[in-house]
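Take a look at the model below. We will go through its aromatic rings, then a pair of helices.

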Amino acid sequence: LECAADDLKIQIENSPASKDSGLAAASLVSLASDQPAEVSTVDLKDPALVRKYNMWRIRVFMGLFFGYIASHFTRSSFTYVAPVLRKEVGVTMEQIGVIASIF
């Protein structure tokens, strides 16, 4: 897999040997010289790394899940609040449309 940005290229190689050992290698290659700039390896079978990955995966999922729920509740509750805003505060339909488009 290769991904090129302005003057750097990232190469991720999965050789048969790396699949057996659980290691992934990535290198930065300068497009100007095509010489490897840096190579780093990650042990994908390291229990501490797997535990940390799983912890962050759950945190990201929960953050997205609760964020979506909060967004859904605020969107659906505005339907019931809009008539009250028109009657008591004097908000026009145009202003309600602008407020609704923000969500």
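Start with Phe66, which is partly exposed at 49% relative accessible area (buried means under 20%, exposed over 50%, partly exposed in between; 1.4 Å probe, protein chains only). This is a predicted model: local features need pLDDT of at least 70, side-chain atom pairs count only at pLDDT 80 or more, and totals for chains, interfaces and linings use all residues. Residues are numbered from 1 along each chain as its sequence is written, and side-chain values use heavy atoms, with hydrogens and water left out.

Which rings cluster with Phe66? Ring pairs join Phe61, Phe65 and Phe66. Rings of Phe, Tyr and Trp (its six-membered ring) pair if their centres lie within 6.5 Å; planes under 30 degrees apart are stacked, over 60 edge-to-face, the rest tilted. The count is two aromatic pairs. Phe61 and Phe65 have ring centres 6.0 Å apart and planes at 20 degrees, so they are stacked. They sit four residues apart in helix α2, and are therefore separated by about one helical turn. Phe65 and Phe66 are edge-to-face, 5.4 Å centre to centre with 75 degrees between the planes. Phe61 is exposed at 54%; Phe65 is partly exposed at 40%.

Now the helices (DSSP runs of H or I, at least four residues, numbered from the N terminus). The axes of α2 (residues 47–89) and α3 (residues 93–102) come within 10 Å and cross at roughly 150 degrees. Axes are lines fitted to C-alpha atoms over the stretch in contact, and angles run from 0 to 180 degrees between N-to-C directions. Phe78, Ala82 and Arg86 in α2 meet Met93, Ile96, Ile99 and Ala100 in α3 (heavy atoms within 4.5 Å).

Technical notes:
Helices (H or I, at least four residues) and strands (E, at least two) are DSSP runs, numbered from the N terminus.
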